[in-house]
Amino acid sequence: ANYTESPLRAFENELGVQAPVGYFDPMGLSKDGDVETFRRRREAELKNGRVAMFATIGYMVPEYFKFPGYLAPSSNLKFADVPNGIAAITKVPAEGWLQWVALCGCYEFCVNTPVDPAEPGNYGKGKLGYGNMVLGITAEPMQDAEARKRALNSELANGRLAMMAIVGLWVQDGLFGTPYGLYTGSNAFETELGVQPPVGFWDPLGFTKTDDVASFRRRRYVELKHGRVAMFACLGYIVPEYYRWPGDLSPSLGLKFSDVPTGFAAFSKVPLSGWAQMVAFAGTVELFQYVDDPKRPPGDFENAGFLGVPNSYIKAPADTKEKKLAAEIANGRLAMMAIIGMFYQDGLTGSAWGDWANYADSPLRAFEEELGVQAPVGFWDPVGYTRDGDITTFKRRRETEIKHGRVAMYATMGYIVPEYFKW
């Protein structure tokens, strides 16, 4: 409150500065302190708010009442034939639009003339603008200054609310044709498998906004495949920690199953012929065993039984099939996230369950024992200044930090001590 030189002080007592927000100008439009510009914007705000209040009423009233008779006799158009909301734009004839433009222009340039430049939006038409209703009749202004200020503040607040409301009505109307309808879906895929609570239909990148069924089917097919592979991959990381097949993996190389490590390190142990067998097996399953049938849902293969066992006679019960398919999609999504996490942890620490301490090659290791690395944050460098591991640069920054800290401590004392003692 003591910052009296602020350019914003010129506007903090203006109408519209209301609790609990107070003076609110996050974009700094009034930081230059230009009174004329401020008043022009305030008048524009009042006009837009008044129009928005009428527009909001114009959305609501026709739901309950419409004038009888004809809107345009020459076009045989009745008031009852004009739909509510955005759809009305296509029904009103060109003459109707011209009449509106002429009426608004008449009020803007002839009727609503400012009384006092210091009072934006005051056109001398009295309470509720009654003087505007019949040209030539000027309503009496409000004499009570406090009541007038309260009414003008209410108008601003209601106008701001109406501007938000009318934009909401437009968006809702544009989405499903009525500003009061329930949102029943933006595309053809909201009832597909995989649309599950609490997220519901989730497509932040807008892949499905074209409603292309073929593209959706292909993506869902790919999602299911990746999910299934990821579930097997997660098992492949976990199971060898507890059990491995006995005997030889490659007798010709004298390689036992127990000799193959878990995770990325296995790449260097499995012989080339083993990789060829895996590729051949996966290709056979892909091309001959599990063939996509356009007549069936994505990922639903006729010759796949319970849990995807090929040519199995055990089928999932019909009453639980949809539930199990939805569970498969959810588990596949979780497995895709899990296997990526395992890849990262394995690549950094040498094990899918390795501790961060095992990431010995991190350039940050050079600084984790330095002074200033303290609990609970530990080593904290969110901008990545030390990621190059340059010790000389780190020490220069640390010296600068300590110097600034010492100066700041003296400066802080210099602010506090003179409040209690002066030489």
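Helix H4 buries Phe216, Arg220, Tyr221, Leu224, Gly227, Ala230, Cys234 and Tyr237. Keep in mind that this is a predicted model. Here is a friendly tour of that helix, the cores and the cysteines.

**Helix H4**
- H4 covers residues 213-238, and its 26 residues should span 38 Å at 1.5 Å a residue. The C-alpha atoms at its ends are 37 Å apart, which agrees with that expectation.
- Where H4 starts, the backbone nitrogen of alanine 214 has a side-chain oxygen of aspartate 212 within 3.1 Å.
- An α-helix has 3.6 residues a turn, so residues three or four places apart point the same way.

**Nonpolar cores**
- Seven residues make up the largest nonpolar core: Ala230, Cys234, Tyr237, Ala335, Ile339, Met342 and Ala352.
- At least two residues of this core come from H4, and at least two from helix H6 (318-349).
- Leaving aside residues up to four places away in sequence, alanine 335 is in contact with Gly227, Ala230, Met231 and Cys234.
- Another core, of five residues, lies apart from the largest one and includes Ala52, Tyr59, Ile166 and Leu169.
- In soluble globular proteins, nonpolar side chains tend to be buried together.

**Cysteines**
- How many disulfides does a search of the whole structure find? The search finds zero.
- Cysteine 106 is partly exposed, at a relative accessible area of 32%, whereas cysteine 110 is exposed, at 57%.

Technical notes
Residues numbered from 1 in each chain as written. Predicted model: local features only at pLDDT ≥ 70, side-chain atom pairs only at ≥ 80, totals over all residues. Heavy atoms only, no water. Disulfide = S-S within 2.5 Å. Buried < 20%, exposed > 50% of the residue type's maximum accessible area, 1.4 Å probe, protein only. Helix = DSSP H or I, 4+ residues; strand = E, 2+ residues; numbered from the N terminus. Expected span 1.5 Å × (residues − 1). Polar contact = N/O pair within 3.5 Å; in protein donor to acceptor, adjacent residues only side chain to side chain. Core = buried A, V, L, I, M, F, W, Y, C linked by side-chain atoms within 4.5 Å. Contact = heavy atoms within 4.5 Å.
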